[in-house]
Amino acid sequence: MTTDTMNIREMCETFEVTPRTLRFYEAKELLFPIRHGQKRLFTKRDRARLKLILRGKRFGFSLEEIRQLLDLYHMDDGQETQLSKTYELAERHLADMQAQKAELDEAIGELKAQMAWGAEKLSSLAKKKSAAA
């Protein structure tokens with residue numbers, strides 16, 4: 001491996017993704033490896049883009065949102081547009097995630113209450129059964 005490029009195996013090991021994932025992102029024009037026949041060589045730029053893609057996916061960004069943000073890198077404004085748009089999207093995704101968390105917390109609470117009721121009911125039935133025996 002050179003410090004400038006990585007092959008597909010090295011990328012997979014480094015970023016814990018599959019070759020299929022890398023090919024998918026390449027097909028979606030999110031990554032642009034250098035091609036030598038069937039061999040793909042990923043540059044530092046590709047590695048940085050993949051890192052941002054994976055982070056964006058983890059935060060719930062769509063591939064189209066990620067593409068738009070990556071495309072803003074070359075605006076020649078010191079990344080102000082890219083950072084501003086990223087922040088705006090992040091605020092929306094954070095609000096969505098917090099709403100989902102609140103719904104999940106409520107569902108967990110309800111499930112725990114039902115389980116406590118069920119455990120109490122089972123205990124009561126077991127006591128009746130042992131008293132009848």
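**Figure 1. Contacts of Pro 19 in a predicted model.** Leaving aside neighbours within four places in sequence, Pro 19 touches Ile 8 and Cys 12. The model shown here and in the other views is predicted. Pro 19 belongs to helix H2. Between Pro 19 and Ile 8 there are 11 residues of separation in sequence, and their C-alpha atoms are 6.5 Å apart in space. Pro 19 has a relative accessible area of 35%, so it is classed as partly exposed.

**Figure 2. The crossing of helices H1 and H2.** Helix H1 covers residues 8–15 and helix H2 covers residues 19–27. Their axes come within 9 Å and cross at roughly 105°. H1 is therefore roughly perpendicular to H2, since angles of 65 to 115 degrees are given that name. On the H1 side of the contact are Ile 8, Met 11 and Cys 12. On the H2 side, Pro 19, Leu 22 and Arg 23 meet them. Sorted by type, the residues of this contact are 5 nonpolar and 1 charged, with no polar residue.

**Figure 3. The largest pocket and its lining.** The largest pocket holds about 380 Å³ of space. Its lining is made up of 16 residues. Nearest the centre of the pocket lie Leu 52, Arg 55, Phe 61, Leu 69 and Thr 86. Three helices each supply at least two lining residues: H3 (44–58), H4 (63–71) and H5 (80–132). Helix H5 gives the most, with 7 residues. By type, the lining divides into 10 nonpolar, 5 polar and 1 charged.

**Figure 4. Two loop residues with positive phi.** Most residues other than glycine have a negative phi. Glu 29 has a phi near 60°, a positive value in a residue that is not glycine. Glu 29 is located in the loop between H2 and strand E2 (34–36). With a relative accessibility of 52%, Glu 29 counts as exposed, because the class begins over 50%. Asp 76 is not a glycine either, and its phi is positive at about 60°. The loop that holds Asp 76 runs between H4 and H5. Asp 76 is exposed, at 79% relative accessibility.

**Figure 5. Arg 47 in helix H3.** Arg 47 is part of helix H3. Its relative accessibility is 15%, so Arg 47 counts as buried; the cut-off for that class is under 20%. Arg 47 and Ser 130 are separated by 83 residues in sequence. In space, the distance from C-alpha to C-alpha for Arg 47 and Ser 130 is 66 Å.

**Figure 6. Met 115 in helix H5.** Met 115 sits in helix H5. With 54% relative accessible area, Met 115 is exposed. Leu 104 is 11 residues away from Met 115 in sequence. Pro 19 and Ile 8, shown in Figure 1, are 11 residues apart in sequence and 6.5 Å apart in space.

Note on methods. Residues numbered from 1 in each chain as written. Predicted model: local features only at pLDDT ≥ 70, side-chain atom pairs only at ≥ 80, totals over all residues. Heavy atoms only, no water. Axes fitted to C-alpha atoms, helices over the stretch in contact; angles between N-to-C directions. Helix = DSSP H or I, 4+ residues; strand = E, 2+ residues; numbered from the N terminus. Parallel < 35°, antiparallel > 145°, perpendicular 65-115°, else oblique. Contact = heavy atoms within 4.5 Å. Nonpolar A, V, L, I, M, F, W, Y, C, P; charged D, E, K, R; others polar. 1 Å grid on protein atoms, 1.4 Å probe; cavity = no way out; pocket = protein on both sides within 12 Å on 5 of 7 lines; lining within 4 Å. Points joined across faces, edges and corners; volume = space filled by probe spheres on them. Buried < 20%, exposed > 50% of the residue type's maximum accessible area, 1.4 Å probe, protein only.
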